[in-house]
Amino acid sequence: MGIQGKVAVVTGAGRGIGRAIALRLADDGADVAVNDVRAEGAEAVADEIRARGRRAVAVPADVSDRDAVHEMVAKVADDLGRVDVMVSNAGMAQIKPLTEVTAQDLEPLFRLNVFGVVYCLQAAVAQIRKQGGGGKIINAASIAGHSAFDYLGAYSATKFAVIGITQAAAKELAQFGITVNAYCPGIVGTDMWDVIDQKLSGYLGLKQGEALKKYAGGIPLGRVQTPEDVAAFVSYLAGPDSDYMTGQSVMIDGGLVMR
């Protein structure tokens with residue numbers, strides 16, 4: 001049966017990887033709550049899901065705001081009946097040498113990439129337990145959470161944090177039948193990587209596009225990954241085939257980083 005009839009919340013789903021995840025879960029049979037800080041993006045993806053024959057609701061919110069996250073999950077439960085899967089996909093990158101990072105750089109980065117993951121977990125778990133238990137928490141980490149990258153030191157730190165949160169939560173929540181796992185993408189062809197390439201190229205003295213080529217050249221499978229590559233793995237984490245898997249942060253990066 002897969003995830004037929006389940007309700008999934010996907011944050012940061014107005015574009016890129018989040019959009020691909022939301023559409024894939026809908027294709028798998030789930031009803032989907034589409035979150036994004038940009039209301040128009042969330043509404044557009046919700047419309048795409050409805051066109052596929054599944055129920056969808058757009059729930060614009062800033063996931064770095066704890067109260068907004070709890071209000072979002074309550075709305076999803078009211079509109080779609082329950083919450084079974086929380087995909088904490090929303091995040092941001094930051095490219096800057098650690099010697100230049102300021103408090104103003106760190107605060108929004110950690111609030112979104114780390115605090116947002118915790119808030120989404122808390123709100124989803126409260127709703128899942130109210131329903132009687134049994135659910136999936138899926139967090140966005142990164143290959144940078146396994147092996148830190150130069151010029152992405154602060155970003156890497158947030159992703160190391162997500163992996164730690166995933167492991168601790170998996171131990172705490174197993175008693176309620178809730179699994180907690182993370183997906184760790186590599187170089188994905190999205191707007192975020194366009195920004196990373198532009199800023200990295202400046203620090204490395206390269207022309208725009210050359211930083212992407214430099215890093216992508218190390219991918220054994222020979223290509224930059226697509227958002228759909230990531231969504232396919234998240235589909236596995238959301239479904240019953242991963243029921244005996246918890247506390248794991250798995251790299252899906254074409255072999256760029258191997259452990």
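Biologist: What percentage of the 259 residues of the protein chain count as buried?

Modeller: This is a predicted model, where local features need pLDDT of at least 70, side-chain atom pairs count only at pLDDT 80 or more, and totals for chains, interfaces and linings use all residues. Residues are numbered from 1 along each chain as its sequence is written, and side-chain values use heavy atoms, without hydrogens and water. Buried means under 20% relative accessible area, with a 1.4 Å probe and protein chains only. The buried share of the 259 residues is 52%.

Biologist: How many helices and strands are there in the protein chain?

Modeller: Both are DSSP runs, numbered from the N terminus: helices are H or I with at least four residues, strands E with at least two. The count is eight helices and seven strands.

Biologist: Why does the span of helix α1 agree with its number of residues?

Modeller: Helix α1 has twelve residues, 16–27. The expected span is 1.5 Å times one less than the number of residues.

Biologist: Which elements cover the buried residues of α1?

Modeller: The buried residues are Ile 17, Gly 18, Ala 20, Ile 21, Ala 22, Leu 23, Leu 25 and Ala 26. Their cover includes strands and helices: β1 (7–10), β2 (31–34), α2 (39–51), β4 (85–88), β6 (178–185) and α8 (227–238).

Biologist: Which residue with positive phi follows α1?

Modeller: Its phi is near 115°. The residue is Gly 29.

Technical notes
Buried < 20%, exposed > 50% of the residue type's maximum accessible area, 1.4 Å probe, protein only. Contact = heavy atoms within 4.5 Å.
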